[in-house]
Amino acid sequence: MSGIDDLPPLRDVIAAHDLRARKSLGQNFLLDLNLTARIARAAGPLPEMDILEIGPGPGGLTRGLLAEGARRVLAIEKDRRCIPALEEVAAAYPGRLSVIEGDALEVDPLEHLTPPVAVAANLPYNVGTELLVRWLTPQAWPPFWQSLTLMFQKEVAERIVAAPGSKTYGRLAILAQWRAEARIVMTLPPGAFTPPPKVSSAVVHLTALPEPRFPADPKILEEVVARAFNQRRKMLRASLKGLHPDIETLLEEAGIAPTDRAEQISLEAFCALARSVQAARQ
Ligand code: SAM
């Protein structure tokens with residue numbers, strides 16, 4: 001017994017299914033079920049929610065989510081070796097856990113989920129960042145999710161919650177804070193994981209706002225911000241010149257000095273610039 005449920009401890013699950021961690025899949029497992037239950041609570045209130053979990057691995061966070069009362073969990077896992085272990089979890093929680101074997105970057109889980117939906121994941125950081133940007137930039141808002149509770153390298157988590165003027169302020173901060181409320185709810189040392197990664201990690205909780213803080217087209221805002229921060233030390237006049245032939249006028253319309261640098265620019269001003277670019281292209 002493991003403390004939060006009647007299933008075996010995760011070390012035994014890993015040994016029984018020979019789930020040696022694979023670096024190529026970014027596998028750093030959480031084995032402390034009290035910790036995974038705490039992360040699950042950070043995603044709460046679970047009983048009314050369907051939870052989309054990406055990368056369940058041997059099922060530590062999955063069990064935390066189920067033990068904390070999630071109505072249903074839909075878990076997408078790329079590593080086939082983990083599926084039998086997850087099926088044992090599904091059998092212990094009849095009708096509440098469905099597992100899809102596949103790549104989360106390719107599978108569309110929406111048809112299997114009933115709102116309200118929350119997302120929870122402990123993923124390799126490159127996959128996590130790619131999914132986060134996708135979840136933040138659909139054309140229509142509000143999105144399919146009410147909240148995202150995601151583990152990142154601490155340095156990436158800091159980029160998501162960064163304020164203008166700080167070194168970590170950039171594309172992730174703008175896209176996250178434009179349409180969501182983002183905060184770091186927990187930090188974890190490398191030793192919380194097996195095997196331990198090189199750096200500390202942090203859990204970020206994002207709540208979808210009913211509407212974006214400022215109007216802008218998501219694709220154009222993404223393009224503006226990607227270019228602006230691609231050469232963050234350059235003046236915006238130079239880094240954004242490929243956006244439009246008359247970028248200086250568009251910057252001025254948005255209240256931005258052409259000699260400013262990206263990290264000084266507020267979210268509101270970036271949204272104004274995205275609107276000017278859109279109007280000028282029409
Ligand atoms: N959630 C488990 C935990 O907390 O112990 C495992 C976390 S481990 C950091 C990341 C998990 O994501 C692994 O099980 C890995 O196989 C899975 N994974 C990696 N890339 C994936 C992808 N593209 N789609 C779905 N799962 C993926």
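Predicted model: local features only at pLDDT ≥ 70, side-chain atom pairs only at ≥ 80, totals over all residues.
**Entry 1: cavities**

Rolling a probe the size of a water molecule over the atoms shows where empty space is left. My count came to two cavities of 30 Å³ or more.

I took the largest cavity and looked up how much space it holds, which is about 40 Å³. Then I wrote down who lines it: Leu7, Pro8, Val13, Pro58, Arg63, Ala85, Glu88 and Val89. Which helix gives the most to this lining? I found that helix α4, residues 83–92, does, with three residues. I also sorted the lining of the largest cavity by class and got six nonpolar, no polar and two charged residues.

**Entry 2: the other cavity**

Next I went to the second largest cavity, with about 30 Å³ of space. Around it I listed Ala121, Asn122, Leu123, Gly128, Trp135, Leu150, Met151 and Phe152. Three elements, β5 (117–122), α5 and β6 (147–153), each supply at least two residues of that lining. I noted that β6 gives the most, with three residues. How many charged residues does the lining of the second largest cavity have? I found no charged residues there, but six nonpolar and two polar ones.

**Entry 3: salt bridges**

Side chains of opposite charge can pair when their charged atoms come close. My tally for the model was 15 salt bridges, and I picked some to look at one by one.

**Entry 4**

I started with Arg134 and Glu130, whose side chains meet in a salt bridge at 3.3 Å, N to O. Where do Arg134 and Glu130 lie? I found both in helix α5 (residues 125–136), four residues apart, which is about one turn of the helix. Arg134 has 40% relative accessibility, so I put it down as partly exposed. Glu130 also has a relative accessible area of 40% and is partly exposed.

**Entry 4: a pair between helices**

Then I looked at Arg171 and Glu222, with side chains meeting in a salt bridge at 4.0 Å, N to O. Arg171 lies in helix α7 (residues 171–179) and Glu222 in helix α8 (residues 218–230), so this pair ties together parts that are 51 residues apart in sequence. Are these two buried or partly exposed? I wrote down partly exposed for Arg171, because its relative accessible area is 34%. Glu222, at 24%, counts as partly exposed as well; the cut-off I kept in mind is that buried means under 20%.

Glu223 is partly exposed, with a relative accessible area of 27%. Arg281 goes down as partly exposed too, at 39% relative accessibility.

**Entry 5: a network**

My last look-up went past simple pairs. I found Asp50, Arg71 and Arg72 linked in a network of salt bridges.

Definitions and conventions:
Residues numbered from 1 in each chain as written. Heavy atoms only, no water. Buried < 20%, exposed > 50% of the residue type's maximum accessible area, 1.4 Å probe, protein only. 1 Å grid on protein atoms, 1.4 Å probe; cavity = no way out; pocket = protein on both sides within 12 Å on 5 of 7 lines; lining within 4 Å. Points joined across faces, edges and corners; volume = space filled by probe spheres on them. Nonpolar A, V, L, I, M, F, W, Y, C, P; charged D, E, K, R; others polar.
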